[in-house]
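Work through the exercises below with the sequence and the model open. Each task is followed by a solution in steps.

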Amino acid sequence: MTTISIDHTSRWFGNVVAVNDITMNIGPGVTGLLGPNGAGKSTLINMMGGFLAPSTGSVTLDARPIWRNEEIYKDIGIVPEREAMYDFLTGREFVVANAELHGLDERAAKKALATVDMEYAQDRKISTYSKGMRQRVKMASALVHDPAVLLLDEPFNGMDPRQRMQLMELLRSMGDQGRTVLFSSHILEEVEQLASHIEVIVAGRHAASGDFRKIRRLMTDRPHRYLIRSSDDRALAAALIADPSTAGIEVDLKEGALRIQAVDFGRFTTLLPRVAREHGIRLLTVSPSDESLESVFSYLVAA
């Protein structure tokens with residue numbers, strides 16, 4: 001079993017703390033690294049891949065340090081998020097170059113290009129590739145030496161639905177083979193479709209860990225805030241505040257609306273239409289006011 005261990009690891013750049021005292025283990029199967037943009041996902045992946053040294057703590061692969069350990073790089077494949085590539089090369093030349101760095105020949109490159117369905121465009125210059133094609137040729141480069149560990153940073157960016165399904169199926173099969181696959185995403189639905197285990201980070205901190213159901217339950221059970229406009233805001237507020245699912249109501253005179261905090265999401269979503277109907281109140285606007293990923297993950301950090 002190949003396991004990446006991150007032990008009380010931090011990484012800072014000057015006065016900016018990108019990763020803050022994170023501890024987690026990434027084992028065989030597919031793990032999703034979930035968090036909003038700027039959460040520290042790329043920094044964490046770069047430390048796992050050996051591109052960055054931890055400022056404190058350790059990042060190891062089967063108890064072997066990854067940073068400056070050339071021997072361990074043969075076990076790791078990495079697909080970075082950044083767009084920069086050697087655009088003057090063809091896709092085949094790009095993958096062959098990486099194969100040669102691992103002491104392999106063109107046969108390994110040909111197999112990797114076939115795995116990601118890029119044979120048809122392998123002799124075109126990378127400068128002519130779409131974003132999705134670039135992602136796939138980076139994937140081929142990461143797979144060329146048949147690594148036990150695959151790290152992918154936002155791999156589905158720029159892919160069309162067919163390409164996304166193909167890549168998901170490929171990663172799923174690699175996880176089923178017992179490889180250690182980790183991919184980052186800021187989109188919960190991507191992680192739900194693919195990952196058997198989820199690690200959540202925000203603002204450089206480890207927020208939550210578990211399977212999708214556990215993470216979704218944490219998100220659903222957090223306090224929810226709504227902006228509601230109705231035909232009689234005061235009567236609606238009086239009726240809702242009496243129920244334990246409602247923790248607080250503020251009358252926003254500027255918006256001409258109610259700002260409501262609900263602590264029982266399921267109960268409140270059935271309560272609101274029932275109360276409106278019983279009191280003859282028309283609901284004009286019901287919109288969540290804190291549904292950004294940043295607010296969701298910030299709650300997980302504080303929980």
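Two strands count as paired if DSSP finds at least two bridges between them. The model is predicted.

**Exercise 1.** Determine how strand 7 and strand 8 run relative to each other, and find the bridge partner of L150.

Solution. Locate strand 7 at residues 149-153 and strand 8 at residues 180-185. Five bridges join these two strands, and the strands run parallel. Within strand 8, V181 is the bridge partner of L150.

**Exercise 2.** Give the strand order of the open sheet and name its edge strands.

Solution. The sheet has six strands, ordered 6-7-8-3-9-10, with mixed pairing. Strand 6 (76-79) and strand 10 (205-210) each pair on one side only, which makes them the edge strands. From one strand to the next, the twist averages 15°.

**Exercise 3.** Is D75 buried or exposed?

Solution. First place D75: the residue lies in the loop between strand 5 (64-65) and strand 6. Its relative accessible area is 18%. The cut-off for buried is under 20%, so D75 is buried. Leaving aside residues up to four places away in sequence, D75 touches L61, R64, P147, A148 and V149.

Conventions
Residues numbered from 1 in each chain as written. Predicted model: local features only at pLDDT ≥ 70, side-chain atom pairs only at ≥ 80, totals over all residues. Heavy atoms only, no water. Helix = DSSP H or I, 4+ residues; strand = E, 2+ residues; numbered from the N terminus. Axes fitted to C-alpha atoms, helices over the stretch in contact; angles between N-to-C directions. Buried < 20%, exposed > 50% of the residue type's maximum accessible area, 1.4 Å probe, protein only. Contact = heavy atoms within 4.5 Å.
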